[in-house]
Amino acid sequence: MFKTVATALCIIATSGLVQAESHTVHFDNRCGFGTPTLIRGSSVLSTGGDFTINGPLLGARGYLQTGGCGFDGVGCTVIETTLRNPTSPGSGSSTDISLIPPLAFSVTTGFGYFNGCNGAGADCTNPQCPTAFFKPEDTHVQVPCQINDVSNVHQNLWPFLNQILGRPRDHILFVNGRVL
């Protein structure tokens, strides 16, 4: 009896230590113009501030609204992201840069993961960047991350900065256009 009660108390005590799934999207707009925008479906999730969700973030789009972008980023460079804890191999987070028409290059843009998969990301510095989707079959440009509670930074850098940019703790580092 004592052993059963002690085991039950141990399970109850440790169950409070389990952390719920959480993800954050952070914008770093170095363009000096425009409004960073994060949407999912018909909902605006952020217009520049950090967006944190307790649970998965599925099918979100981030872009710099410069006045020429449609609501879902049409006519502009878009970062598409799904941030979720993996439940099986290959089922975690995935982020990409999309230029599939009617999307089009508008500003130098990049992203990188933090709080896991640090250094994984992509940047797009010109209309022909090899790290972007141009057609739906370009799945090789997706950047996966199979770590729980990963977050990402969306960067807009125009004019593009050819220098080392330091980041706050747990953020990414860009050197000459490459995510490190």
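Modeller: Here are the disulfides, pair by pair.
Modeller: The model is predicted, so local features need pLDDT of at least 70, side-chain atom pairs count only at pLDDT 80 or more, and totals for chains, interfaces and linings use all residues. Residues are numbered from 1 along each chain as its sequence is written, and side-chain values use heavy atoms, with hydrogens and water left out.
Biologist: How many disulfides are there?
Modeller: Three. A disulfide here is a pair of cysteine sulfur atoms within 2.5 Å.
Biologist: What's the pairing pattern?
Modeller: Counting bonded cysteines along the chain, the pattern is 1-2, 3-6, 4-5.
Biologist: Which cysteine does Cys 69 join?
Modeller: Cys 76, with S to S at 2.0 Å. The S-S torsion is about -95°, so this disulfide is left-handed.
Biologist: Are Cys 69 and Cys 76 buried or exposed?
Modeller: Both are buried. Buried means under 20% relative accessible area, exposed over 50%, and partly exposed in between (1.4 Å probe, protein chains only).
Biologist: And what about Cys 117 and Cys 145?
Modeller: Their sulfur atoms are 2.0 Å apart, in a disulfide. Cys 117 lies in the loop between β8 (109-114) and β9 (121-124), and Cys 145 in strand β11 (residues 143-145), so the pair ties together parts 28 residues apart in sequence. Strands (E, at least two residues) are DSSP runs, numbered from the N terminus.
Biologist: What is the handedness of that disulfide?
Modeller: Its torsion is about 95°, so it is right-handed. Cys 117 is partly exposed at 25%, while Cys 145 is buried at 1%.
Biologist: New topic: how accessible is Cys 31?
Modeller: Cys 31 has a relative accessible area of 9%, so it is buried.

Definitions and conventions. Helices (H or I, at least four residues) and strands (E, at least two) are DSSP runs, numbered from the N terminus.
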